[in-house]
Amino acid sequence: MDARSFKDTIYNEFSRIGKVLSSPKRLELLDLLSQSPKSVEVLSKETKMSMANTSKHLQALLEARLVIYEKEKNYVIYHIANPKVTDLLFSIKSIAEDQIADVNLLRKDFIMRGDELETLELEDWAERKEEENHILIDVRPKIEYLNGHLDGAISIPMEELNTHISDLPKDKKVIAYCRGPYCVYATEAVEYLKVEGFEAARLEAGIHEWNLYKENLTH
């Protein structure tokens with residue numbers, strides 16, 4: 001093999017990752033799996049895809065070795081193959097935020113509801129997290145909470161919020177978070193809480209942002 005052949009071969013291998021990530025649905029699947037392992041059934045429900053399409057996209061991710069799977073009774077459970085896959089997702093989002101103005105505009109309009117909802121940056125919350133004037137709730141599905149959550153957070157999945165709302169103290173601000181800056185659950189939770197008379201805010205972060213923040217503090 002000469003130098004040119006080597007270059008052509010190695011960049012072809014690199015491009016396999018780019019090709020498989022050219023699908024928005026595959027990026028979403030990886031994002032969901034970065035929160036916790038999930039079955040095909042759960043991924044199908046979350047992405048609003050058919051089981052067949054979900055399996056097809058997962059097969060492509062599997063062939064690119066970005067995910068792995070295991071069988072649990074009658075279910076096939078998929079996992080992120082390597083923590084660096086989550087780092088790759090972060091990089092893609094970060095570059096898009098820096099280079100594509102519409103990304104930030106869409107997030108501000110839809111997730112942050114313009115200026116209608118109070119939004120806390122992670123750094124602000126971290127400085128105040130030991131204070132007793134607020135309560136932090138994780139509105140992701142319970143399995144994601146069990147896989148990892150922010151310090152001091154209690155689990156109240158979005159679909160159960162109306163059932164457990166009477167358990168929340170009205171004399172404290174309720175801060176909700178979900179899967180990160182692009183997750184809708186926290187926005188919906190804050191809107192619901194405000195209608196019910198609570199002082200509420202969404203946290204502009206999720207478990208990955210929190211882990212990265214703590215890691216940076218140690219360096």
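Here are some questions and answers about this predicted model.

Reader: Before we start, what should I know about the numbering and the model?
Author: Residues are numbered from 1 along each chain as its sequence is written, and side-chain values use heavy atoms, leaving out hydrogens and water. Since we're on a predicted model, local features need pLDDT of at least 70 and side-chain atom pairs count only at pLDDT 80 or more, while totals for chains, interfaces and linings use all residues.

Reader: In what order do the 3 strands of the open antiparallel sheet sit?
Author: Strands (E, at least two residues) and helices (H or I, at least four) are DSSP runs, numbered from the N terminus, and two strands pair if DSSP finds at least two bridges between them. The edge strands, each pairing on one side only, are S1 (38-39) and S2 (67-72). S2 and S3 (residues 75-80) pair in the antiparallel sense over 6 bridges. The order is S1-S3-S2.

Reader: At about what angle does helix H2 run to S3?
Author: H2 (residues 24-35) packs on this sheet and touches S1, S2 and S3, where contact means heavy atoms within 4.5 Å. Axes are lines fitted to C-alpha atoms, for helices over the stretch in contact, and angles run from 0 to 180 degrees between N-to-C directions. For H2 against S3, that gives about 90°.

Reader: Why do the buried residues of H3 line one face of the helix?
Author: Buried means under 20% relative accessible area, exposed over 50%, and partly exposed in between, with a 1.4 Å probe and protein chains only. In H3 (residues 40-47), the buried ones are Val40, Leu43, Ser44 and Thr47. Taking the directions from the helix axis to the C-beta atoms, these residues line one face because, seen down the axis of H3, they fall within an arc of 100°.

Reader: How do H3 and H4 cross: roughly parallel or roughly perpendicular?
Author: Their axes come within 9 Å and cross at roughly 110°. Angles under 35 degrees count as roughly parallel, over 145 as roughly antiparallel, 65 to 115 as roughly perpendicular and the rest as oblique. The contact is made by Val40, Glu41, Leu43, Ser44 and Thr47 of H3 and Met51, Thr54, Ser55 and Leu58 of H4. So H3 is, relative to H4, roughly perpendicular.

Reader: Which residues of H5 make the contact with H2?
Author: H2 and H5 (residues 83-99) pack at an angle of about 125°, with their axes 10 Å apart, and they are therefore oblique to each other. From H2, the contact uses Leu27, Leu30, Asp31 and Ser34. From H5, the residues are Val85, Thr86, Leu89, Ile92 and Lys93.

Reader: Over how many bridges do S7 and S8 pair?
Author: These strands belong to an open sheet of 5 strands with parallel pairing, in the order S4-S8-S7-S5-S6. Between S7 (residues 173-177) and S8 (residues 200-203), the parallel pairing runs over 3 bridges.

Reader: Which helix packs on that sheet, touching S5, S7 and S8?
Author: The helix spans residues 185-195, and its direction makes about 175° with that of S8. Its name is H10.

Reader: How far apart in space are Asn104 and Tyr182?
Author: Asn104 is found in H6 (residues 101-111), and at 28% relative accessibility it counts as partly exposed. In sequence, Asn104 and Tyr182 are 78 residues apart. In space, C-alpha to C-alpha, the separation is 10.0 Å.
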